[in-house]
Amino acid sequence: MVEESGNGLIQTPTLAKRPVFSNWANLISLSLNRHKEATMDNRGVGITITQHVLMEEEQSPEATGAFTYLLNELIVAAKVISREVNKAGLVDILGSTGDINIQQERVQKLDVFANRIIIERMQHIGQLCCMGSEEVAELIDVPDQYPKGNYILLFDPLDGSSNIDVNVSIGTIFGIYRKESDETDVDFLLSDVLQPGIKQVAAGYFIYGSSTIMVYTTGNGVNGFTLYPSVGEFLLSHENIRIPEKGKIYSVNEGNYQYWDEDTRALVDYFKAKDKPTGRPYSSRYVGSLVADFHRNLLKGGIFMYPADLKDPNKPTGKLRLMVEANPLAMVVREAGGYASDGKGPILEIQPTDLHQRVPLYIGSKEEVETAEAFLSGKRPT
Ligand code: FDP
């Protein structure tokens with residue numbers, strides 16, 4: 001059995017040597033028992049995430065169970081993070097560590113915890129050849145003592161972390177790729193990691209809010225699962241999510257207005273202008289936590305924007321990270337019928353050059369994101 005210590009870390013290093021499917025039998029029976037329990041008390045009838053992942057796997061004849069195992073372990077890590085986030089304020093986990101990360105931001109204690117939990121839980125399972133985290137400058141190798149697999153996990157362990165101390169929703173974002181090279185001398189090549197987002201085999205996020213929700217896609221639509229705390233399972237709560245073609249919300253940090261170029265300002269002015277036939281003015285909603293802003297707009301429709309700004313006039317750039325934020329959410333939104341752009345073209349088609357590269361991001365309902373592209377290419381609607 002997997003034994004969890006107080007801090008959520010695996011205590012049995014032998015786990016990696018066990019065959020994947022002996023663990024599976026346990027997982028399925030665990031899941032079914034919990035499902036029964038949920039049904040019995042009549043408060044949580046529903047399919048569990050584990051059942052859902054297994055059902056998706058059944059659709060793919062060549063599946064080996066490796067991916068299912070990987071996703072399941074990530075879910076366990078998220079449950080541990082969720083538990084810790086819920087304790088924030090009660091234990092000494094709020095606040096900054098005093099360090100500055102690779103993105104030049106203050107590192108929060110919960111950032112460090114979430115990052116460590118994901119790495120330590122994922123590195124031993126034998127399905128990954130490497131990981132990349134927003135919090136770690138270099139790629140994260142799988143230590144020699146553990147078996148290697150063919151998947152690559154890129155993640156933002158705790159997105160929106162400047163909101164932790166004020167009890168605003170935060171989240172974990174992930175994208176999973178398959179190793180493309182058949183190199184055997186090394187575990188992976190840099191090109192295996194720097195793949196465009198279109199190559200993701202799965203992507204999603206966990207949002208730690210009024211409840212903890214997981215939203216994910218493997219390219220067959222998007223589904224959302226809510227953590228049922230007393231049962232300890234994610235139950236299907238948002239089946240086949242579709243983002244409205246057109247929304248009524250725009251989300252952007254308008255405090256940056258003075259740093260935007262003219263086209264960006266014109267775009268935001270457009271959403272605020274009065275015009276009944278096109279449903280304007282839109283409502284403004286901005287939490288300042290990407291997962292929370294994205295999740296709201298995914299369900300309600302609208303556009304989230306983090307435009308390039310001229311804070312450094314020699315280097316106009318967006319703030320958000322292509323590989324660990326924009327790409328996973330771009331896959332989710334595409335699978336839900338929406339669109340993500342850097343203002344010029346699809347986020348998912350950008351060829352990355354660096355694990356930590358930043359991009360402008362326009363994401364949400366198709367109509368609004370296409371409007372953004374039109375403005376940013378100088379073609380403003382009349
Ligand atoms: P944070 O810095 O709190 O981690 O990923 C970075 C991010 O949050 C996003 O979650 C959020 O959308 C954005 O930055 C907020 O940035 P601003 O404070 O500049 O609006």
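This is a predicted model: local features need pLDDT of at least 70, side-chain atom pairs count only at pLDDT 80 or more; totals for chains, interfaces and linings use all residues.
Figure 1. Strands (E, at least two residues) and helices (H or I, at least four) are DSSP runs, numbered from the N terminus.

Residues are numbered from 1 along each chain as its sequence is written, and side-chain values use heavy atoms, with hydrogens and water left out. Local features need pLDDT of at least 70 and side-chain atom pairs count only at pLDDT 80 or more, while totals for chains, interfaces and linings use all residues.

Figure 2. An oxygen atom of the ligand is 2.4 Å from a side-chain N or O atom of Glu325. Polar backbone atoms also take part: one of Leu290 is 2.8 Å from a ligand oxygen, and one of Gly160 is 3.3 Å from a ligand oxygen. Taken alone, the ligand exposes 460 Å², and the protein buries 87% of that (Shrake-Rupley method, 1.4 Å probe).

**Figure 3. Asp293 in helix H7.** Helix H7 spans residues 290-300 and holds Asp293. Asp293 has 0% relative accessibility, so this residue counts as buried (under 20% relative accessible area, 1.4 Å probe, protein chains only). A polar atom of the Asp293 side chain lies 3.0 Å from the backbone nitrogen of Gly288. Leaving aside neighbours within four places in sequence, Asp293 is in contact (heavy atoms within 4.5 Å) with Arg285, Tyr286, Val287, Gly288 and Phe304.

**Figure 4. Aromatic pairs.** The whole structure holds eleven aromatic pairs, with ring centres within 6.5 Å. Phe206 and Phe234 form a tilted pair, 5.9 Å centre to centre with 55 degrees between the planes. Phe206 lies in strand E7 (residues 202-208) and Phe234 in strand E10 (residues 233-238), so the pair ties together parts 28 residues apart in sequence. Phe206 is buried at 0% relative accessibility, and Phe234 is buried at 0% too. Tyr216 and Phe225 are also tilted, with centres 6.0 Å apart and planes at 40 degrees. Tyr216 is buried at 2% and Phe225 at 0%.

**Figure 5. An aromatic cluster.** Tyr250, Tyr270, Phe271, Tyr282 and Phe375 form one cluster.

Terms used: A polar contact is a pair of N or O atoms within 3.5 Å; within protein, one must be able to donate a hydrogen and the other to accept it, and residues adjacent in sequence count only if both atoms are side-chain atoms. Buried means under 20% relative accessible area, exposed over 50%, partly exposed in between (1.4 Å probe, protein chains only). Rings of Phe, Tyr and Trp (its six-membered ring) pair if their centres lie within 6.5 Å; planes under 30 degrees apart count as stacked, over 60 as edge-to-face and the rest as tilted.
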